[in-house]
Amino acid sequence: MKAVVFHQHGDEQVLQHTDVAEPSVGSRDVLVRVKAVALNHLDIFTRQGWPGLKLELPHILGSDIAGVVERVGPEVGDLAPGAEVLVNPGLSCGACERCLTGEDNLCRQYRIIGEHVRGGYAEFVSVPRQNILPKPARITFAEAACLPRTYLTAWTMLVRRAQVRPGETVLVHAAGSGVGSAAVQICKLLGAKVIATASTEAKLQRARQLGADHTINYVEKDFLDEVKRITQRRLVDVVFEHVGAATFEKSVACLPYGGRLVTCGATTGYEAKLDLRVLFYKRISLLGSTMGSKGDLFRVLQLVEEGKLKPVLDRTLPLADAAQAHRLMKDRAQFGNLVLIP
Ligand SMILES: [Zn+2]
């Protein structure tokens, strides 16, 4: 089959469109013919590598996959070839206390398809049956590929971790990113007011179309000053963080007494300064989050089927142009998700 692989870590140049063997299909696995695979910022980090990361090379990236069932293992009795499906990228043991209480993303064996094992930058991917969900009928494969990782991440951050309530105000950083554009929509669904940041007027306009009540161009203006002005110094109940070093200190300063900051990433750097007096005196909660439980994705898909949440597709590119897509994502040229089509 055709796939985009890398044999060594590095810049976009290491991505090669080439022929590789089809993945094997275990007795409880499903072979999916990939129709669309979305990019995630983690694809860049995985491509670059980090200390301690051990991958079987060549590696195939791609966590957010939509496609059609090609064939199933002998112990899979409830899925037939031709079914239109989505892949939940979280792999877990399925037997530990965490898995059995719906916290499978806290399983000690938790891994992510495309990050720790071979993923969907390919014509086919083999995944366990429990990672398969039905594709909502009202959206395309490319739109469906925008959903799993971004929505599961944003949903878990806002619903499970920060527990956003109606009437609260949430600052959503980088609303043009996949996870940011999902967060704006989920906040509105929860009845919250949204202040969204982005780098261009065009992106801010898209954020307002998704429901953002106020927008801040973080290139032109200081977002902390703007938050103070917009909220008349009441600040925001929740900050939705995934930017990291460049924003963290000011994100904390956006919180009033009892405020919560929830973070799933640090695309601008991992080290940030925190005045511990602010943390304890203002009774601030700092909440970490990664992915979410498999079960929550069913609720997200139901809300997509009802038209209450919408995937945000920026554009599609042929799988062979994966390197170009990585460059677009690095330059933050997109609004929403970039999707590759094998
Ligand atoms: Zn487990």
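Glu 220 sits in the loop that links strand 12 (214–217) to helix 7 (223–230). In this predicted model, Glu 220 has a relative accessibility of 66%, so it counts as exposed. Glu 220 and Gly 102 are 118 residues apart along the chain, and their C-alpha atoms are separated by 43 Å.

Helix 6 itself runs over residues 201–209, and its buried residues are Lys 203, Leu 204 and Ala 207. They span an arc of only 100 degrees around the axis, which puts them on the same side of helix 6. Over on the other side of helix 6, Ala 202 and Gln 209 are exposed. Just past the end of helix 6 comes Gly 211, with a positive phi of about 120 degrees.

Thr 169 belongs to strand 10 (residues 169–172). Its relative accessibility is 12%, and because buried means under 20%, Thr 169 falls in the buried class. Leaving aside residues up to four places away in sequence, Thr 169 touches Lys 193, Ile 195, Val 236, Asp 237 and Val 238.

Next comes helix packing. Two packed helices are described by the angle between their axes and the distance between the axes. For helix 4 (residues 148–161) and helix 10 (residues 294–305), the angle is about 105 degrees and the axes lie 10 Å apart. Angles of 65 to 115 degrees count as roughly perpendicular, and helix 4 and helix 10 are therefore roughly perpendicular to each other. On the helix 4 side, the contact is made by Pro 148, Tyr 151, Leu 152, Trp 155, Thr 156 and Arg 160. Helix 10 brings in Asp 296, Leu 297, Arg 299, Val 300 and Leu 303. Sorted by class, this contact of helix 4 with helix 10 has seven nonpolar residues, one polar and three charged.

As for the length of helix 10, its 12 residues should span 16 Å at 1.5 Å a residue, and the end C-alpha atoms are 18 Å apart, which agrees. The buried residues of helix 10 are Lys 294, Asp 296, Leu 297, Val 300, Leu 301, Leu 303 and Val 304. They cover an arc of only 160 degrees around the axis, so they end up on the same side of helix 10. Helix 10 is followed by Gly 307, whose phi is positive, near 80 degrees.

That leaves a few backbone details. Most residues other than glycine have a negative phi, and most peptide bonds are trans. Arg 283 has a positive phi, near 50 degrees. Arg 283 lies in the loop between helix 9 (276–281) and strand 15 (285–288), and its relative accessible area of 56% makes it exposed. Arg 332 also has a positive phi, near 50 degrees. This residue is placed in the loop between helix 11 (322–330) and strand 17 (337–341). At 36% relative accessibility, Arg 332 counts as partly exposed. Finally, the peptide bond from Leu 57 to Pro 58 is cis, with omega near 0 degrees. Pro 58 is found in the loop between helix 1 (41–48) and strand 4 (64–72).

Technical notes:
Residues numbered from 1 in each chain as written. Predicted model: local features only at pLDDT ≥ 70, side-chain atom pairs only at ≥ 80, totals over all residues. Heavy atoms only, no water. Axes fitted to C-alpha atoms, helices over the stretch in contact; angles between N-to-C directions. Helix = DSSP H or I, 4+ residues; strand = E, 2+ residues; numbered from the N terminus. Parallel < 35°, antiparallel > 145°, perpendicular 65-115°, else oblique. Contact = heavy atoms within 4.5 Å. Nonpolar A, V, L, I, M, F, W, Y, C, P; charged D, E, K, R; others polar. Expected span 1.5 Å × (residues − 1). Buried < 20%, exposed > 50% of the residue type's maximum accessible area, 1.4 Å probe, protein only. Arc of directions from axis to C-beta.
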